[in-house]
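I opened my notebook to look up a few things in this structure. Come and read along with me.

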Amino acid sequence: MSDRTEAVKAYLLDLQDRICAALQAEDGSADFIEDAWQRPAGGGGRTRVLENGALIEKGGVNFSHVFGSGLPPSASAHRPELAGRGFEALGVSLVIHPHNPHVPTSHANVRFFSAEKEGEEPVWWFGGGFDLTPTTPTRKTACTGTGWPRPPVRPSVRTSTRATRPGATATSTSSIATSRAASAGYSSTTSTSGTSTPASPSCAPSATPTWRPTCRS
């Protein structure tokens with residue numbers, strides 16, 4: 001494992017710990033139960049589940065780190081430069097279901113992927129995303145749910161927010177700040193020189209939201 005991957009792993013393990021601690025403190029009555037697992041082909045992870053809390057009906061915050069000597073053909077079909085490379089994939093993901101039907105279910109993940117081959121420069125990038133899914137959608141959740149993600153991520157990433165109709169899941173996407181171990185729904189390839197290049201030009205974010213709700217009383 002390279003120094004880069006070691007640093008990312010340490011960051012993600014700490015991120016999982018901090019998220020679990022914050023959720024436990026907010027809930028106030030239930031704790032996460034951890035199940036450590038191993039992947040026979042290489043790697044493993046930590047699955048953590050909280051159930052029947054005061055606020056959270058069920059929630060999971062998981063870390064995984066898997067690796068292998070080569071990617072399957074399907075994984076390199078559109079990225080032929082990855083063929084024959086060993087890989088490592090690390091990430092933290094969560095899904096939180098609250099008791100209150102008026103509080104949206106939340107999902108988030110952040111991931112790191114690296115493909116390396118002796119004698120060649122490594123290819124690596126961060127990706128991820130988050131979304132809120134209202135159980136009982138209302139005009140208010142459609143109008144306010146897309147605005148709050150922008151301030152927390154604005155210092156390090158450019159954000160665009162999209163939704164399709166009142167009551168739809170609000171999804172925020174952003175580009176990744178150079179060499180930052182954080183993202184929200186936008187894949188990129190970051191070279192070792194620190195230049196971030198979009199993996200798909202059609203996903204390029206804008207500096208301002210591309211969708212704005214129209215809310216009338």
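I began with a definition: buried means under 20% relative accessible area, exposed over 50%, and partly exposed in between, with a 1.4 Å probe and protein chains only. I noted that this is a predicted model, where local features need pLDDT of at least 70, side-chain atom pairs count only at pLDDT 80 or more, and totals for chains, interfaces and linings use all residues. Residues are numbered from 1 along each chain as its sequence is written, and side-chain values use heavy atoms, with hydrogens and water left out.

**Entry: salt bridges**

I looked up charged pairs next. A salt bridge here is a side-chain nitrogen of Lys or Arg within 4 Å of a carboxyl oxygen of Asp or Glu. I found 7 salt bridges in the structure.

I checked R85 and E120, whose side chains meet in a salt bridge at 3.0 Å, N to O. This pair links distant parts of the chain, 35 residues apart: R85 is in the loop between α2 (73-76) and β4, and E120 is in the loop between β5 (105-116) and β6 (123-133). For these names, helices (H or I, at least four residues) and strands (E, at least two) are DSSP runs, numbered from the N terminus. Is E120 buried or partly exposed? E120 is partly exposed, with a relative accessible area of 41%, while R85 is buried at 4%.

I then read off D17 and R48, which form a salt bridge at 2.9 Å, N to O. D17 lies in helix α1 and R48 in strand β2, so the pair ties together parts that are 31 residues apart in sequence. D17 counts as partly exposed at 33% relative accessibility, and R48 counts as buried at 11%.

I also looked at K58 and E51, whose side chains meet in a salt bridge at 3.8 Å, N to O. K58 is partly exposed at 43%, and E51 is partly exposed at 44%.

**Entry: a hairpin**

I followed strand β1 (residues 33-38) and asked how many of its 6 residues are buried. The count is 0, and β1 is hardly covered. Strand β1 runs antiparallel to strand β2 (residues 43-51), and 6 bridges join them; two strands pair if DSSP finds at least two bridges between them. I saw that E34 stands opposite R48 in β2. The hairpin has 4 residues between the strands, and G42 takes a positive phi near 135 degrees there.

**Entry: the second largest pocket**

I wrote down the rule: on a 1 Å grid over the protein atoms alone, a pocket is an open set of points with protein on both sides within 12 Å along at least five of seven lines, and lining residues have an atom within 4 Å of a point. The second largest pocket holds about 200 Å³ of space, where the volume is the space filled by probe spheres set on the points. Its lining includes L23, E26, D27, H99 and N100. Which element gives the most to this lining? Helix α1 does, with 3 residues. By class, I listed 7 nonpolar, 3 polar and 2 charged residues in the lining.

**Entry: the start of the chain**

I ended with M1, which lies in the segment before α1. Leaving aside neighbours within four places in sequence, M1 is in contact (heavy atoms within 4.5 Å) with E6, K9, H65 and E88. The C-alpha atoms of M1 and F67 are separated by 9.7 Å, with the two residues 66 apart along the chain.

Methods
1 Å grid on protein atoms, 1.4 Å probe; cavity = no way out; pocket = protein on both sides within 12 Å on 5 of 7 lines; lining within 4 Å. Nonpolar A, V, L, I, M, F, W, Y, C, P; charged D, E, K, R; others polar.
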